[in-house]
Amino acid sequence: MYKKLRKSSFRIMSIAIIVATMAFIMLGLTGCNRNSDFITKQFFAMDTWMEIHLPAEYSEDELETYFKDIEALVRNLEGLCSVTSPASDLYKLNNSEEETTTAVNEELLKILSEAETLEDLTNGAFCDKLYIISKEWGFTTGDYKVPDSKFIEEGLKKIAEVVENNNVVIGEDYVTRPVEISFDLGGIAKGYATDLVVEYLKEQGIDSAIINLGGNVHVLGEKADGSAINVGITDPFDESVLGTIALSGKAVVTSGNYERYFELDGKRYHHIIDSKTGYPADNGLVSVTIIAEDASYADGLSTALFVMGLDEASEFWRQNSESFDAIFVSENKEIYYTSGIADIFECNKEYTKNMVTH
Ligand code: AMP
Ligand code: MG
């Protein structure tokens, strides 16, 4: 008997936004809230809740247009990257019987290229080719099971061969891959969508906003009074607020073992797969939060560093500390945060706190 749990489908969780003046007044627009600084709109897409906070200074008509455009933009990306919807571009690519698939959507090619770059950078901890294995675990279909160990072993062998021989080519308008290889962009797609929303807002001349796409947060600019915006980091043990980080113009993304999992015989199997073993990463970490300029980079790294484990992830940060900071939470309630955020990360929980330094 196993218990099925797909929590992230039902509510916004990974990161709780805490805006200082949170006295909501309902506004005429459906799903919108008005407070003194921001208007909030929520919608469900990419299998999770999305939440957009825009400055209250805009008119209802302007806001309605912005919210509509943003939702359309996110839904368009969902239509590209879904591994389960037969209409999606990625589904068609994954199920193509041709080694070379032509006329692949330009945006999808960009996301795949970014995923491949992250795979190289993280030495395979981030792996966009795990779908043959993760599909079998049932995290995308809801048909949860522990796959046969032989199946996992063979899947890993196939992926290793493809990586070793550079058998995946992302071309100008085509993708070449051995037909048995399927891509899963779930570790980066929401971050990528967040970056697109930020780009759109900047194009509209909006310089202050908070975008939370299922825990992929970008804080654009600051509050009306010029102060930084506090973003709450989720406590992986009870999903309360672990602490806050004061940000302006940055993305913050969390990967956690509590976001999607099932339980079998008292053991929890979560959705972040260790690309070396084919099983859920099991190295003592329960969540990894990344703070960086771009949400897609932060999204990819949160998944990858979760797979690496604390020691390797700390070393990775030392090698790349100019591009991100991180907060790691371990299963024995220890928090490790990198020195770059020492002044802006606040945590009042009784957990052991350690600073990761160079
Ligand atoms: P995140 O919540 O951003 O950590 O992403 C988790 C999602 O990324 C999973 O639901 C899978 O779709 C995908 N995924 C799981 N393991 C990996 C991995 N090792 N590398 C890249 N993507 C992964
Ligand atoms: Mg990720």
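## Exercise 1: A charged patch

Glu57 sits in the loop between strand 6 (48-55) and helix 1 (60-81). Keep in mind that you're looking at a predicted model.

**Task.** Work out whether Glu57 is buried or exposed, and which residues form a negative surface patch.

**Solution.** 
- Step 1: Start with the cut-off, which puts exposed residues over 50% relative accessible area.
- Step 2: Glu57 has 66% relative accessibility, so it counts as exposed.
- Step 3: Now look for the patch. Glu57 belongs to a negative surface patch along with Glu60, Asp61, Glu62, Glu64, Asp207, Glu222 and Asp225.

## Exercise 2: Rings that meet

**Task.** Find out how many aromatic pairs the whole structure holds, then sort out how the rings of Tyr58 and Tyr66 are arranged.

**Solution.** 
- Step 1: Searching the whole structure turns up 13 aromatic pairs.
- Step 2: Take Tyr58 and Tyr66: their ring centres are 5.5 Å apart and their planes stand at 85°, so this pair is edge-to-face.
- Step 3: Check the surroundings. Tyr58 has 14% relative accessibility, so it counts as buried, and Tyr66, at 10%, counts as buried too.
- Step 4: Now try Phe237 and Tyr351. With centres 5.9 Å apart and planes at 80°, their rings are edge-to-face as well.
- Step 5: Phe237 is in the loop between strand 12 (229-234) and strand 13 (241-247), while Tyr351 is in the loop between strand 20 (345-346) and strand 21 (352-356), so the pair ties together parts 114 residues apart in sequence.
- Step 6: Compare the two for cover: Phe237 is partly exposed at 33% relative accessibility, whereas Tyr351 is buried at 12%.
- Step 7: Finish with a group: ring pairs link Trp137, Phe139, Tyr144, Phe262, Tyr269 and Tyr279 into a cluster.

## Exercise 3: Opposite charges

Here's the idea to carry with you: side chains of opposite charge can pair when their charged atoms come close.

**Task.** Say how many salt bridges the whole structure has, and where Glu71 and Arg75 lie.

**Solution.** 
- Step 1: A search of the whole structure gives eleven salt bridges.
- Step 2: One of them joins Glu71 and Arg75, with 3.0 Å from N to O.
- Step 3: Both residues lie in helix 1, four residues apart, which is about one turn of the helix. Arg75 is partly exposed, at 33% relative accessibility.
- Step 4: Next comes the salt bridge of Lys129 and Glu116, at 2.7 Å from N to O. Lys129 lies in the loop between helix 3 (106-121) and helix 4 (131-137) and Glu116 lies in helix 3, so the pair ties together parts 13 residues apart in sequence. Both Lys129 and Glu116 are buried.
- Step 5: Lys349 and Asp235 form a salt bridge at 2.8 Å, N to O. They link distant parts of the chain, 114 residues apart: Lys349 is in the loop between strand 20 and strand 21, and Asp235 is in the loop between strand 12 and strand 13. Asp235 is buried, with a relative accessible area of 0%.
- Step 6: Salt bridges with shared partners also join Glu116, Glu119, Asp128 and Lys129 into one network.

## Exercise 4: Positive phi

**Task.** What is the phi of Ala103, and where is this residue found?

**Solution.** 
- Step 1: Ala103 isn't a glycine, yet its phi is positive, about 55°.
- Step 2: Ala103 is found in the loop between strand 7 (100-101) and helix 3.
- Step 3: With a relative accessible area of 67%, Ala103 is exposed.

Note on methods
Residues are numbered from 1 along each chain as its sequence is written. Chains are lettered from A and ligands numbered from 1 in the order in which they are written. This is a predicted model: local features need pLDDT of at least 70, side-chain atom pairs count only at pLDDT 80 or more; totals for chains, interfaces and linings use all residues. Side-chain values use heavy atoms; hydrogens and water are left out. Patches are made of residues with over 30% relative accessible area and no salt bridge: like charges are joined within 9 Å, nonpolar side chains (Val, Leu, Ile, Met, Phe, Trp, Tyr) within 5 Å. Accessible areas come from the Shrake-Rupley method with a 1.4 Å probe; for residues, only the protein chains shown count as cover. A salt bridge is a side-chain nitrogen of Lys or Arg within 4 Å of a carboxyl oxygen of Asp or Glu. Lys and Arg count as positive and Asp and Glu as negative; His and the chain ends are not counted. The place of a charge is taken as NZ of Lys, CZ of Arg, CG of Asp or CD of Glu. Helices (H or I, at least four residues) and strands (E, at least two) are DSSP runs, numbered from the N terminus. Buried means under 20% relative accessible area, exposed over 50%, partly exposed in between (1.4 Å probe, protein chains only). Rings of Phe, Tyr and Trp (its six-membered ring) pair if their centres lie within 6.5 Å; planes under 30 degrees apart count as stacked, over 60 as edge-to-face and the rest as tilted.
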